[in-house]
Amino acid sequence: MAGETVITVIGNLTADPEIRYTQNGLPVVNFTIASTPRTFDRQANEWKDGEALFIRASVWREFAEHVAGSLTKGSRVIATGRLKQRSYQDREGNNRTSIELEVDEIGPSLRYATAQITRSQNGGGQRPAGHHQQQMAPADDAWSTPGQYGDDTPF
């Protein structure tokens, strides 16, 4: 939407994503990303860490289940989404404001790690109760079938 603040954060998860379910049964996962800037100090000839930014993030619906099943504490991630501000009263009655990243896309950073992708069976929407993520892609899935390349021009 126009006027929303969209940002990309690169950092590490501070804990395993916490999955919960609303009263209507919608899954939501919450987690914190720690992003620490690093600069090279030429005089000391070493890298120095800046002050870490800790940002709380949330993901909803089937996407939340994918995040909870894929990412763990310490995972380096790239997340993009919209900043949301909400105001509330704490237990003592004080007015508080929090800013949270409502994640649109998230994935592991492959700079220092590798990842293996497993597609979900239906690719979107709600899964029936008790349905689990697909372990192997179907044989007719061109993206997951290696080595079936011809010498013909593909267009």
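Colleague: Which residue in the turn of the β4 and β5 hairpin has a positive phi?

Modeller: Keep in mind that this is a predicted model. Strands β4 (residues 38–41) and β5 (residues 46–49) run antiparallel and are joined by four bridges. Four residues lie between the two strands of this hairpin, and the one in the turn with a positive phi, about 55°, is N45.

Colleague: And what is the bridge partner of R38 in β5?

Modeller: R38 belongs to the range of β4, residues 38–41, which is bridged to β5. Its bridge partner in β5 is D49.

Colleague: What kind of aromatic pair do F40 and W47 form?

Modeller: A search of the whole structure turns up one aromatic pair. In that pair, F40 and W47 sit 5.4 Å apart, centre to centre, with 65° between the planes. Planes over 60 degrees apart fall in one class, so the pair of F40 and W47 is edge-to-face.

Colleague: Is F40 buried, exposed or partly exposed?

Modeller: The relative accessible area of F40 is 37%. Buried needs a value under 20% and exposed a value over 50%, so F40 counts as partly exposed.

Colleague: Let's turn to the other hairpin. Where does G25 lie, and what is its phi?

Modeller: β2 and β3 pair in the antiparallel sense over four bridges, with E18 opposite N30 in β3. The hairpin they form has five residues between the strands. G25 lies in the turn, and its positive phi is about 90°.

Colleague: How many residues does the largest nonpolar core have?

Modeller: Nonpolar side chains tend to be buried together in soluble globular proteins. Here, the residues with the most contacts inside the core are F31, I33, V59, V67, L101, V103 and I106. At least two core residues come from each of β1 (6–13), β3 (27–35), β6 (53–60), α1 (61–70), β7 (76–89) and β8 (95–108). The number of residues in this largest core is 16.

Colleague: Which strands do the buried residues of α1 pack against?

Modeller: The buried residues of α1 are E62, A64 and V67. V67, leaving out residues up to four places away in sequence, touches P17, V29, F31, V59 and I106. Taken together, the buried residues of α1 pack against β2 (18–21), β3, β6 and β8.

Colleague: Which backbone oxygen does the side chain of S75 reach?

Modeller: S75 lies in the loop between α1 and β7. Because its relative accessible area is 17%, under the 20% limit, S75 counts as buried. Beyond four places in sequence, S75 touches G11, N12 and L13. At 2.8 Å, its side chain reaches the backbone oxygen of T72.

Key
Residues numbered from 1 in each chain as written. Predicted model: local features only at pLDDT ≥ 70, side-chain atom pairs only at ≥ 80, totals over all residues. Heavy atoms only, no water. Phe/Tyr/Trp six-rings, centres within 6.5 Å; stacked < 30°, edge-to-face > 60°. Buried < 20%, exposed > 50% of the residue type's maximum accessible area, 1.4 Å probe, protein only. Core = buried A, V, L, I, M, F, W, Y, C linked by side-chain atoms within 4.5 Å. Contact = heavy atoms within 4.5 Å. Polar contact = N/O pair within 3.5 Å; in protein donor to acceptor, adjacent residues only side chain to side chain. Pairing = 2+ DSSP bridges.
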